[in-house]
Each structure stands twice: as C-alpha cells, then as structure tokens.
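These are my notebook entries on one model.

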Amino acid sequence: MTDRPHIRVELLSNPIYLCGARELVGSVAKRLGFDDLDCSKIALAVDEALCNVIRHGYNRRTDCPIWISIWPVENGSGKPAGIKIVIEDEAKQVEPLTMRGRELSDIRPGGLGVHIIREVMDEATYERREGKGMRLILIKKSEASDTPVRLATRTAQASAAHKRQATER
C-alpha cells in the first residue's frame, strides 16, 4: 500500500453529504471484493464516524472540513484483501482512549456509533492529528482476497446463464 490514498475526498460537515459518502465507500468496497452485507456494514461504520465528527467534534456546524481517504489493503500477491479508510477533521481534539460508546445495557436511542464502528471493522484506531483535529483509521479485511469480478464479466455470465435457462425450457 502506498502512502498516497487511491481516493481522497473533502466534504463539509453538512449531514446532507452523508449519503454520498456512504455510497462512495460502499461502491469502492464492492469493487474490492466485499459482499453486499459487508459493503453495507462498512458504509454504516463510516456514516457513524462522520455523524460523530459532525455532532460531537464540530458541535453540528455545517461548514467545517472532513477528509475521507481510501486505500485497498493488498495481500502478498498484490490482490485486494481489504480496505483502509481514514477520516480526518479539524474538530476539537479528545483523548483517543476516551473514545467509547455507552454501555449496551443502557437502552435508549443514540450513543452506539463507536460501538458499531468497532464491531463492524477489524481495526478502528483514533488518533490526534498534529496541530488540530482527529484521525480515525478503519481497516476491514475481506474474506476472499481474489480480484473482484468485473461488471462486464458478471454481465456476460448472467447473459450466458439466461440463455441456458431459455434453451432448457
């Protein structure tokens, strides 16, 4: 993995952009070989992290920067074996060791973002950025490390399967 991200997006801390961030992350995860369920979980973890930055870091301000960087995690042969996502902000800094969700036995809405992030991802590391802001490093390893099937290949396979079914009828 190179130091330079394969994808880097800057967005404002406006909740209106959360769906775009979810779709971007989910789509990239799909291309890196994750199944639909894992893509949804990864997108959920990123959404929770962004919501926490907006709500707690920026106190709901909608004009502050957030950066999302994405890298494939490769196995020894250079094939995708996972995804690394880094979320950075210029929000107020907190002690990384204090980043934890509320107790699950405390049944009420909200407060589960950090818990969800840690459950969904294989690694979730909070760091202070130099100067100001925080950094969250998320890593999810894929079950299958084979190269993802290209859309054209899938389409050709589906078309061939459809033709076989039609001739069998």
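Helices (H or I, at least four residues) and strands (E, at least two) are DSSP runs, numbered from the N terminus.

The model is predicted, with local features requiring pLDDT of at least 70 and side-chain atom pairs pLDDT 80 or more, while totals for chains, interfaces and linings use all residues. Residues are numbered from 1 along each chain as its sequence is written, and side-chain values use heavy atoms, without hydrogens and water.

I then checked the span of α2 (residues 36–57): at 1.5 Å a residue, its 22 residues should span 32 Å, and the end C-alpha atoms are 30 Å apart, which agrees. The expected span is 1.5 Å times one less than the number of residues. Just after α2, Asn 59 has a positive phi of about 50°.

Next I traced the open sheet of 5 strands, ordered β1-β2-β3-β5-β4 with antiparallel pairing. Its edge strands, β1 (7–12) and β4 (123–128), each pair on one side only; pairing requires at least two DSSP bridges. I found 6 bridges between β1 and β2, and Leu 11 stands opposite Ile 66 in β2.

Finally, I listed the contacts (heavy atoms within 4.5 Å) of Ile 85: not counting residues up to four places away in sequence, they include Val 25, Ile 42 and Leu 138.
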